[in-house]
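Biologist: Could we go through the helix packing in this model together, taking the questions one at a time?

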Amino acid sequence: MHVKVRVSKELELITYSQHWHTANCLLDRARSEKKGSYHQYLASITFVAFTLEAFLNHIGEDAFSSWIDLEKLNVRGKINIISEKLDIDVNYGSMPWQIVPELVAFRNKVAHGKNELLFEDVVVSQSKYDDHLNIALKSNWQESATQSGAERFIKHVEALCTEIWLASGNDKITLFSHGIQSGSAKLDA
């Protein structure tokens, strides 16, 4: 006779926190392993963008009973409506708010990628031309995929999320909580 046990589990998954953790893990990995780090930085910044949008959806669901209709707004629209509801002054001309258009543009370039023809025509000294030929051309969004770029996006998105989180009446300690899982087991009859 085989005894069977019924196992039940439940997890409140906080998606924006999962994305945030992924962005930081990728950044940490890139810092520790320089070879191939460009790709880690690129992915880290992309997950920072995912974090922001998922965070706004999380806050929006709590703040608006009609969020299902409002979640179709773009990131800036979501920030504006949430900030108005929570009485937050948004100034896209200064940080951390200034990072939003840059992050959204980065995310859109990565998500909706299109081929580009990159071109450079510069004059360099004869002693430097060989070195210059070996430097790959990069688009503007690729130029952001560096350690300092990833750290800058993370820093400002964390500040932005913190401001919204605190204005919504939450405690800073729980901002990037991964959620709670519970479980139980009992003999199955």
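Modeller: Let us begin with a definition, namely that a residue is called buried when its relative accessible area is under 20%, and exposed when that area is over 50%. Please keep in mind that this is a predicted model.

Biologist: Is His-19 buried or exposed?

Modeller: His-19 lies in helix 1, which spans residues 15-32. Leaving aside neighbours within four places in sequence, His-19 is in contact with Phe-47, Phe-50, Thr-51 and Ala-54. Its relative accessibility is 19%, and because the cut-off is under 20%, His-19 counts as buried.

Biologist: How are helix 2 and helix 8 oriented to each other?

Modeller: Helix 2 (residues 37-63) and helix 8 (residues 147-167) have axes 9 Å apart and pack at an angle of about 10 degrees. Since angles under 35 degrees fall in one class, the two helices are therefore roughly parallel.

Biologist: How many charged residues are there in the contact of helix 2 with helix 8?

Modeller: On the helix 2 side the contact includes Tyr-41, Val-48 and Phe-55, while Phe-153, Ile-164 and Trp-165 are among the residues of helix 8 that they and others meet. The residues of this contact divide into 15 nonpolar and 4 polar, and the number charged is none.

Biologist: What is the handedness of the crossing where helix 5 passes helix 8?

Modeller: The axes of helix 5 (residues 99-111) and helix 8 come within 10 Å and cross at roughly 125 degrees, and the two helices are therefore oblique to each other. The crossing in which helix 5 passes helix 8 is left-handed.

How values were computed:
Residues are numbered from 1 along each chain as its sequence is written. This is a predicted model: local features need pLDDT of at least 70, side-chain atom pairs count only at pLDDT 80 or more; totals for chains, interfaces and linings use all residues. Side-chain values use heavy atoms; hydrogens and water are left out. Axes are lines fitted to C-alpha atoms, for helices over the stretch in contact, and angles run from 0 to 180 degrees between N-to-C directions. Helices (H or I, at least four residues) and strands (E, at least two) are DSSP runs, numbered from the N terminus. Angles under 35 degrees count as roughly parallel, over 145 as roughly antiparallel, 65 to 115 as roughly perpendicular and the rest as oblique. Contact means heavy atoms within 4.5 Å. Ala, Val, Leu, Ile, Met, Phe, Trp, Tyr, Cys and Pro count as nonpolar, Asp, Glu, Lys and Arg as charged, and the others, Gly among them, as polar. A crossing is left-handed if the near helix is turned anticlockwise from the far one by less than a right angle, and right-handed if clockwise. Buried means under 20% relative accessible area, exposed over 50%, partly exposed in between (1.4 Å probe, protein chains only).
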